[in-house]
Amino acid sequence: MCATCGCGDDAAAVITLPHEHEYEHEHEHEPHRHSHGHGGDHVHLPVTETITLEQKVLAKNDLLAQRNRDWLAARDILALNMTSSPGAGKTTLLERTIREFTEQPIAVIEGDQATLLDAERIGATGCRVVQINTGAGCHLDADMTFRALESLDPEPGTLLFVENVGNLVCPALFDLGERGKVVVISVTEGTDKPLKYPHMFAAASLVLVNKIDLLPYVDFDLDKCREYATVINPHAQVLPLSVTSGDGMAQWFDWLRLQRSATIDDHSPAT
């Protein structure tokens with residue numbers, strides 16, 4: 001059981017990338033009684049030490065994420081961690097980006113609990129891709145990502161997308177060594193998404209609001225959603241787009257160029 005999120009530790013990955021977690025074992029001690037001779041027994045509970053497993057797991061992950069960051073920097077690779085709920089349109093966004101943003105090589109690490117479906121879609125574009133299946137796991141971690149990088153072996157100067165498992169909770173906690181997190185939501189999911197998942201939006205460098213071509217048909221307040229997102233994270237940019245119609249894709253490509261330029265300059269955090 002994952003100490004941070006409750007996901008299983010036995011996830012089998014397609015490219016032999018198991019979902020591994022470090023455990024701590026708790027030892028239980030029975031309370032003991034003794035009499036003080038004045039009419040009653042006293043129960044002495046054992047002295048316990050609370051060990052925060054979440055902090056230990058995340059600390060280990062952060063060390064591995066720094067290894068990934070150094071590995072990527074040495075190869076001049078810009079890595080972005082793509083997160084969303086299931087069905088927001090991440091894979092479709094990546095397909096169109098691969099086909100239209102041809103200024104540098106692109107590679108993809110796909111994360112899903114099961115199937116090769118998304119990797120097959122990405123591979124059909126001609127892009128290099130590796131699939132990680134996490135089984136019961138609900139997120140990718142830095143160790144999985146490193147082993148995927150070794151298998152993928154992206155060429156220097158690559159734009160690397162890591163499409164995380166569809167989940168707006170656990171991926172917020174796990175640094176993969178990426179330059180920044182991109183959160184994709186859609187207008188079919190509700191205006192208040194940033195308020196419901198504050199940790200994910202607080203960690204985001206960019207929020208993409210997809211499927212704006214459906215705005216006439218759904219109850220979604222784009223301005224209010226933008227307001228909620230910036231309240232949670234004043235530094236996050238919010239970009240509406242429609243992968244289907246192409247609206248906003250030029251601005252998305254401009255943002256990618258900005259990240260690329262900043263990475264070349266100083267490998268500073270995403271802006």
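Author: The account below begins with the whole chain and then turns to the aromatic rings and their surroundings.

The model is a predicted one. Its secondary structure comprises 8 helices and 9 strands. Of the 271 residues in the protein, 49% are buried. Among contacts with a separation of 6 or more, 71% join residues 24 or more positions apart. The protein exposes about 13,200 Å², of which carbon and sulfur atoms supply 51%.

The aromatic rings may now be taken in turn. A pair of aromatic rings is described by the distance of the centres and the angle of the planes. Rings count as a pair when their centres lie within 6.5 Å, and by this rule there are 3 aromatic pairs. One of them joins Phe101 and Phe253: the centres are 5.3 Å apart and the planes stand at 40°, so this pair is tilted. The two residues belong to distant parts of the chain, 152 residues apart, with Phe101 in the loop between helix H2 (90-100) and strand E4 (106-112) and Phe253 in helix H8 (residues 249-266). Both Phe101 and Phe253 are buried.

Another pair consists of Trp252 and Trp255, whose ring centres are 5.9 Å apart; their planes lie at 10°, so the pair is stacked. Here both partners come from helix H8, where they are 3 residues apart, about one turn of the helix. An α-helix has 3.6 residues a turn, so residues three or four places apart point the same way. Residues under 20% relative accessible area count as buried; Trp252, at 0%, is therefore buried, and Trp255, at 4%, is buried as well. Together with Phe161, Trp252 and Trp255 form one aromatic cluster.

Phe161 and Trp252 lead on to the nonpolar core. The largest such core has 26 residues, and Met82, Phe161, Leu208, Trp252 and Leu256 are those with the most contacts inside it. At least two residues of this core come from each of strand E3 (78-84), H2, E4, E6, E7, strand E8 (204-210) and H8. Helix H8 gives the largest share, 5 residues. Leu208 touches Trp252, and its other contacts beyond four places in sequence include Leu93, Val182, Val184 and Leu241. A second, separate core has 17 residues, among them Trp71, Leu72, Ile77 and Leu160.

Two further rings have an arginine over the face. Arg75 lies over the face of Trp71, at 3.8 Å from the ring centre, and Arg67 lies over the face of Phe146, also at 3.8 Å from the ring centre. Phe146 is one of the buried residues of helix H4. This helix (residues 142-152) is mostly covered, with 8 of its 11 residues buried. At the start of H4, the backbone nitrogen of Asp143 has a side-chain oxygen of Asp141 within 3.2 Å. After the helix comes Asp153, with a positive phi near 50°.

Key: Residues numbered from 1 in each chain as written. Predicted model: local features only at pLDDT ≥ 70, side-chain atom pairs only at ≥ 80, totals over all residues. Heavy atoms only, no water. Phe/Tyr/Trp six-rings, centres within 6.5 Å; stacked < 30°, edge-to-face > 60°. Helix = DSSP H or I, 4+ residues; strand = E, 2+ residues; numbered from the N terminus. Buried < 20%, exposed > 50% of the residue type's maximum accessible area, 1.4 Å probe, protein only. Lys NZ or Arg CZ within 6 Å of the ring centre and 35° of its normal. Polar contact = N/O pair within 3.5 Å; in protein donor to acceptor, adjacent residues only side chain to side chain. Contact = heavy atoms within 4.5 Å. Areas by Shrake-Rupley, 256 points an atom, 1.4 Å probe, with all protein chains shown as cover. Core = buried A, V, L, I, M, F, W, Y, C linked by side-chain atoms within 4.5 Å.
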